[in-house]
Structures are given as C-alpha cells and as structure tokens.
Amino acid sequence: MTNPPDERGAELRELFFETSQELLQALNEESLKLEKTPGDEEIVRSIRRTVHTLKGDSAACGLRELSELAHQFEDALTLESATAHGALAEIAFAAADVFAEMIAAYHGGSAMPDAEPLRQRINELTAVPAATKSRRKKKSPEPSPKSGNDWTDTEKRALAQAQAAGLAVFEIAVKIDPHCTMPIAARQLIQTALNGIGQVIVVRPDAKSPAASKQVEFVFASSQSREQITFKCQIPTIAGEVTVTLLHAASPAAASAKNAEGPAAAPNPAAPAASATVAPPEAASTPAVQTQPAAEAQAPTPEAAVPQVLTENILRVEAGRIDSVLNLVGELIIGKSMLQQALTEFGKRYPKEVLRGKFADAMAFQARVLNDLQRSVMKIRMVPVDQLFRRFPRIVRDVARQCGREVDLELSGQETDLDKGILDAIAEPLTHLVRNAVSHGIELAEQRKAQGKSPRGKIRLNAYHQGNQVVVEIVDDGRGIDAQKIRNKAIELGMTTAEDAARLTEAETLDFIFRPGFSTAEVVTEVSGRGVGMDVVQSVLQRLKATIHVETRMGQGTTFRLKLPLTLAIIKALMFWVEQRLYAIPLNAVSQIARTDESEVHQVDNYEVLQLRNQVLPLLRLGRASTAAPDGKPRKLFVLVITVGERKYGLVVDALEGEEELVIKALDDQTFATDLVNGASILGDGKVVLILNLLAVVEHASRARPEAHGLTSVGLLLNQADRARLALSAVGGQA
C-alpha cells in the first residue's frame, strides 16, 4: 500500500474512510435501480459519477490499488456496450463489495483482497464488436473544447445557462507538471480548485486518453477575472504552464435581468433552472475528501457561494468526544442534585433566612441552563435511522436470491432520530431479523400463489417515536410462526416437557425462538438453520435496556417490534424502597401506581396475583411478604403497574421515594454478577440507587416459586447485589 506518511495525508485518509461509506452506499442503491431498469443510461451515468468520485478520492489519498481498479471500471462504463450489457448490475454489485473490502483492508492495515475476478468481469464490458472497433480507429483525433463538435447536449445547455446568467466563459489549458507522480489526481485537484470559483462545463481530454497525463483543458464559466483564474490553477508540484483564453465575455444585460428577477421570481418553464443543471461526470463529481458541496459544482451563478459557506460551518466530530461531554453533563446533574439537597437542608434549618430565596432562584436558573445543555448534547448524539435502513435493500436482495424468493422491501420512518450508540448496536440484531424474515418468513412464489397471495413477498421496516422510546418494526406478509411446531421442537431439544408445553401461552411459546441453539429449520443453509442468532438478538437488546415483542398470524405474517430507549446515559426514573434499600426503574415503564392490602393478594398455582380494575396482575415481590404492619394493622402495599414487552405486571414495593433524573453508572462484572440490575446512580445526598432490569426481573420471577420463608429468588439475588452499593459508596460513586 502506498500511503503518504505525512500528517495531512493521514487526515485525508481518515476523512476518505468516512465519506467512502456514503459512496459505496450510493453505488449499491444505484445498482439496485439498474437491476430493476436495465439499460437505463441515466443510472449508468450516475454509477460512473460515483465510481469517478471514488477513484479521485482514493488517488488523492495515495490508495493506488483502489484508484486503479475504480479507474478501470469507470473506463468500462464509458462504452456504449457497457450500458447494454445484461450483467452490468451484477458487476456493479461485485465492484461495490470489492471496493468495500479494499477500503476495509486499507483502514485495518490487512492484506488486499483478490481483485482479479472483478477485473475479468469488468473486461467483459469492454469486449465491443469488431465493427465498432474499426469505426473507432477511423475516428478523428479528439477535438479541443473550443470546437464544440463533441459536446453533449447537457454541456451545451450548461454553457447557454452560464451565458444567460451573465458569466464570462473561458478556455483553460493546464499542463501537468512532468514530475507529478499522480497525474489523474492532479487533474482532479485542478478541477476542484476551479469549482470553488465558478462552474466547469467541459473537461478534455477524457481521463482514459494517454494525453490526460500531460495536459487538461476546461471550458469554464465564472465571474472572476482571468488573473484570478490563472492564480487558482497554479498549484505547486501539480500544474505547470497555465493558459486562460476568453471565449465569451460576460453579458451585463443578462446579469441585470437575472438580478431584476429576484430570488422569489418564478422560473421560466421553457428553460431548466440553473440549480438543476447536470454537469458532465468529471465536473459533477467533486472529491469527498475536499468536502466540496455538490450544489457548488452544479450551480453556475455566484449565488452558489451561499451553500458553500453553510457547508463550511459543519464540523466532523469524533463520537468519543461527544460521549465525554455527555458524561460531564451527567456529573453536573449529580452536582445539581447535591446542591438541591443542601438547599433543602438549609431551608429546614433557617426557614426565615433571606438568602434562601436567592439560592433558590440561582438553583432554578442553573437547572434550566443544565436541562438545555443536556438536550443540546443529546441532539448532537441523535442521527436518523435512515443511516441504518439504507443498507437493507441490498441485504434483502442478496438473501432473497440465495433463498430463491421474490421480495420487496418497504421503508418508512427513516427520519426518526435515535442515539448513535444505540443505532450502531442494533445494526447486527436488525440485520439478523431481516434475514430471518426473508429466509423463514416469506414463502416461495409457487406457495404464495397457491395461497392466493402475490408471488412477491413484502417486508416493511418502520420506525417511530412512542413516548420516551423509539419503536422499530420488522413486518413480513409470509407464512407466520407455527406455535405448535415451536412447542414440539422445544420438547425435542429438551428445553421443556410435554406437560409444561401444553400450559404455555402463545407469547411464552414464542419466547423459545430466543433461546440459544433453537431453530425450526429442517435444513442447515448458508442463511439459516444453525440455531445461532436470535439469542444474540435478545442479549444485545437486554444490554441496551430494550425489549422485543413478537406478533404472528399463521398464513398472514409476523411482526417483530423492538422498543429502544432514546439514550443510555440519563433516564427519568421512579425510586422506591424495598426492605430499607433504594431501587429505581425507568419512569416510562410505569403505567400507574396503586395501593392495596396484603389481604387482597391471592395465590394461583403458587404465584401471587392481584385483581385491579377487572384485570388480574401477576405480582413480582422483591422483599419478604408480611400480613401485618408493625402496629398490628393490615399491611398496606404500593403496587407499581409496569409494562414489560406487551404484558403488565405488579411490582410490590414498601414505599415510594419520588421521581428523579438519574445518571447511569455502569457496573463491572467483578463487582456485580447478576443481570437483575442495569446500573447504578448516585443521589445528591450520596445515596446509591440500583436501577433494575425489569425484563430480567420478570424472567427470574417466572422461573421461580416463592420460598417457604416468603422471599423469592429475585429478592435473594437483589440482597446479594447490595455488594455493589458498598463498592460504589467506597469509591465515591465512580463506578
């Protein structure tokens, strides 16, 4: 690999590694479009522009192998035979995969992938008929831009629009420095420099021409002077002699007419708008490593400088730095709680003190600013789920071809924002669920026809906000999940007995698909059947404090619904006491709070239940059951009605502490070995509160029977978990 060692080169490469993912995504999307409409010349040109940009960016960063391969593919795409080639979409997909592997190899410093199979497939595109070759031999030498004989309609239209806008048109000839080691990259850098002060209309000779390494010529529209243009082209070690010739002077009348129209003037339907001008591939593709906006390369008027200024105000910041700021905001929130606690104690001790009101006003002002700061930092962390959804059309297409299915993918809610850390974490689980929907859910075309369905299956990805959560749904219209088949398989694998399986509800039966090693696939394939994956989905979601719910109807389809928290750093929590120990749960999980007597609690099959407003609630008890209070009267209970997945439970607690905004502190495995707790937090008075993992609490309670002494296994585990309180208190809360 030929990576330049200087610091600026390293920065360019890091920027390239980031922006190249967008180019690869665009290449995949364009290839999908081409597969649906083969031979579409506009899509082929779009693919060529993307590959051209990738070539220029990689060349500017010194990534020679990638640049040469992209250059070969770009050259093949210029031929008329390539557009008509039936396998062009397949070759474009293969190119996207190889480009991605090469970029990963550059980034990780590993060995380059074998690109020879792709080169051979690209050579298929260049195999033009002999008659065409003979005609090309007779073709006259490539004319200069001034002649205009080989200009495309787009180039001619762009020239007319530039003149109509009152811009001067120049012919620029730049000789490439003979000592320049990368003439293709040099050509691109000169073009980028010109795009900063005007519009490149024509570029000659073509990049594949042998003369391209010696000289490059432009037809260029700008309001700048000849001296300014010459100065812009004189790049040290890149450009040699520069010649700038005026072809058409600026038209003051056209410029005045344009200015008289004003920005709100209605466009002339007879002439395309300037902002819609499509430049030739070389002009429209500005290297991403130069962070040049696309609008700048297209708009022919000086007003195009406005988007450039706005774009220059955008900063690329490493996610770790934002995490650091968010952590500091969390510490400030703890400090606010400490001050609030001190102010409360001060008010109790000196209720008539005049300074008390001033302290309260200062605290209220600080709280408002801190809340605004927290929201601002959180918004910086938020990204649209479209960044994740965009990869699935290609995944669905590939898996469907492997499984012999016909599948359409629908996306909705792409603008829904989610924390960047959570979005990255759910990428693998979501991919597995989508692959399963294609391979397990959607039937073969013949089977669908026999059932009266469309031969093409449908999968829908949807995202939306629901309260303090983001819901992501994966919906298919396939065969559904057979609960009886799952019961039989669970019995066969020894995960349950026939007697217990007969008592399971449908929701409890569907939970088996998330057990390690469980699979109903009869044949092990490259896509499915190994029993590995759904248990990973469950474990990842548990770490994220997220839940997954399954809804299915035989013959109609299945829905997987993921409920994700907006953030993992700060939560609104409800705190309560159990046996003189303080715990907290997310406030959005609590639907209501009820008071009842111990005598109202009943036992069904050794489980405690409570009838509340014509609804029977299974109870989860974290402490010991007692029928009488210390004064001998019937004991009063607080019951928190919580929602876990789609089911409701009653969490029995001794007393309520109140609502609080908690900063979550992670607990390491050496301090803490139970999954019943997600983390801990420090209150303003120094108390340590444990934040419960409700999903794990429900799972433990469902597998346990109440002990003879009245303490459930959940309560025992939480008692053991109190070692974490001591550890947190000993280090001042720095978990």
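How many bridges join strand β13 to strand β22, and do the two run parallel or antiparallel? Two bridges hold them together, and the strands run parallel. Keep in mind that this is a predicted model.

- β13 and β22 sit in an open sheet of five strands, ordered β20-β12-β13-β22-β21, with mixed pairing.
- At the edges you'll find β20 (655-663) and β21 (677-682), each of which pairs on one side only.
- From one strand to the next, the twist averages 35°.
- As a bit of background, strands of a sheet pair through backbone hydrogen bonds, in either a parallel or an antiparallel way.

**Zooming in on β13 and β22**
- β13 covers residues 581-586, while β22 covers residues 688-692.

**The α5/α6 helix pair**
- Helix α5 (residues 88-108) and helix α6 (residues 116-125) have axes that come within 10 Å and cross at roughly 150°.
- Angles over 145 degrees count as roughly antiparallel, so that is how α5 and α6 lie relative to each other.
- The crossing of α5 past α6 is left-handed.
- On the α5 side, the contact is made by Leu88, Glu90, Ile91, Ala94, Ala95 and Val98.
- α6 brings Leu118, Arg121, Ile122, Glu124 and Leu125 to that contact.
- Sorted by type, the residues of the α5 contact with α6 come out as eight nonpolar, three charged and no polar.

Technical notes:
Residues are numbered from 1 along each chain as its sequence is written. This is a predicted model: local features need pLDDT of at least 70, side-chain atom pairs count only at pLDDT 80 or more; totals for chains, interfaces and linings use all residues. Side-chain values use heavy atoms; hydrogens and water are left out. Two strands pair if DSSP finds at least two bridges between them. Helices (H or I, at least four residues) and strands (E, at least two) are DSSP runs, numbered from the N terminus. Axes are lines fitted to C-alpha atoms, for helices over the stretch in contact, and angles run from 0 to 180 degrees between N-to-C directions. Angles under 35 degrees count as roughly parallel, over 145 as roughly antiparallel, 65 to 115 as roughly perpendicular and the rest as oblique. A crossing is left-handed if the near helix is turned anticlockwise from the far one by less than a right angle, and right-handed if clockwise. Contact means heavy atoms within 4.5 Å. Ala, Val, Leu, Ile, Met, Phe, Trp, Tyr, Cys and Pro count as nonpolar, Asp, Glu, Lys and Arg as charged, and the others, Gly among them, as polar.
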